[in-house]
Amino acid sequence: MKLHELRPAKGAVHKEKRIGRGEGSGFGGTSTKGNKGGQSRAGYKRKLGHEGGQMPIQRRTPKRGFKNPDKIVYKIINIGQVDQWAETHNISDFSAENLYAMGFIGKTDKVKVLGNGEIKGKFTFKVHAISEKAKAAIEAAGGSVEVLK
């Protein structure tokens with residue numbers, strides 16, 4: 001076989017359907033678009049979400065509940081985790097920047113400290129929110145707390 005002997009497979013190549021070129025072509029008249037209606041007109045575009053008169057899915061589905069746009073989502077840290085993190089990462093200042101640098105939170109995440117567990121070391125916290133129990137436990141261990149805005 002040579003390069004000039006190559007041919008496409010039988011039936012792979014066929015003539016283009018020439019629409020709207022007279023009655024003799026077999027595709028004249030309505031040009032395969034049928035009679036009347038939006039789809040037969042020039043410039044027709046299918047409307048997004050239109051289901052041919054059937055009630056669209058976005059209107060059929062039930063809508064319940066309420067999503068508060070002003071909700072503040074915190075990343076939670078329990079004081080029971082702090083001693084272990086301090087040992088592994090050699091850190092005594094738990095601020096949002098340090099937690100981000102260690103990979104515990106994202107750049108824009110807000111941090112809240114909760115009072116689950118016990119704390120033994122003396123640490124400083126610069127966080128966005130803290131529970132009363134956690135604040136009392138940290139200050140009892142000799143640490144300090146600063147709440148950011």
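View 1. Leu6 sits in the segment before H1, where helices (H or I, at least four residues) and strands (E, at least two) are DSSP runs numbered from the N terminus. With 46% relative accessibility, Leu6 is partly exposed; here buried means under 20% relative accessible area, exposed means over 50%, and partly exposed is in between (1.4 Å probe, protein chains only). Together with Met1 and Leu3, Leu6 makes a nonpolar surface patch of about 440 Å². Patches are built from residues with over 30% relative accessible area and no salt bridge, joining like charges within 9 Å and nonpolar side chains (Val, Leu, Ile, Met, Phe, Trp, Tyr) within 5 Å. The areas come from the Shrake-Rupley method with a 1.4 Å probe, and for residues only the protein chains shown count as cover.

A quick note before the next views: this is a predicted model, where local features need pLDDT of at least 70 and side-chain atom pairs count only at pLDDT 80 or more, while totals for chains, interfaces and linings use all residues. Residues are numbered from 1 along each chain as its sequence is written, and side-chain values use heavy atoms, leaving out hydrogens and water.

View 2. Most residues other than glycine have a negative phi. Thr32 belongs to the segment before helix H1 (57-60) and is partly exposed, at a relative accessible area of 47%. Lys36 is not a glycine either, yet its phi is positive, about 55°. Lys36 also lies in the segment before H1, and is exposed, with a relative accessible area of 70%. Look just after H2 for Asn90, with a positive phi of about 55°.

View 3. Side chains of opposite charge can pair when their charged atoms come close. How many salt bridges does the structure hold? There is one, and it joins the side chains of Glu51 and Arg60 at 3.1 Å, N to O. To count, a side-chain nitrogen of Lys or Arg must be within 4 Å of a carboxyl oxygen of Asp or Glu. Glu51 is partly exposed, with a relative accessible area of 27%, and Arg60 is partly exposed too, at 41%.

**View 4. The largest nonpolar core.** This core has 20 residues, and those with the most contacts inside it are Phe94, Leu99, Val113 and Phe125. A nonpolar core here is a set of buried Ala, Val, Leu, Ile, Met, Phe, Trp, Tyr and Cys residues joined through side-chain atoms within 4.5 Å. At least two core residues come from each of helix H2 (79-89), helix H3 (96-102), strand S3 (110-114), strand S4 (124-127) and helix H4 (132-140). Which element gives the largest share? That's H2, with four residues.

**View 5. The buried residues of H2.** Ile79, Val82, Asp83, Trp85 and Ala86 are buried in this helix. The buried residues of H2 pack against strand S1 (74-78), strand S2 (93-95), H3, S3, S4 and H4, with contact meaning heavy atoms within 4.5 Å.

**View 6. Phe125 and the two faces of S4.** Leaving out residues up to four places away in sequence, Phe125 touches Val82, Phe94, Val113, Ile119, Ile138, Ser144, Val145 and Glu146. S4 pairs in the parallel sense with strand S6 (residues 144-147) over four bridges, and Phe125 stands opposite Val145 in S6. Two strands pair if DSSP finds at least two bridges between them.

**View 7. Ser95 in strand S2.** Strand S2 is where you'll find Ser95, which is buried at 3% relative accessibility. S2 and S4 pair in the parallel sense over three bridges, with Ser95 standing opposite Lys126 in S4. Ser95 and Ala12 are 83 residues apart in sequence and 67 Å apart in space, C-alpha to C-alpha.

**View 8. An open sheet of three strands.** The order is S1-S3-S5, with parallel pairing. S1 and strand S5 (129-130) stand at the edges, each with a single partner strand, so one side of each has no neighbour in the sheet. S3 and S5 are joined by two bridges, and Lys112 stands opposite Ala129 in S5.
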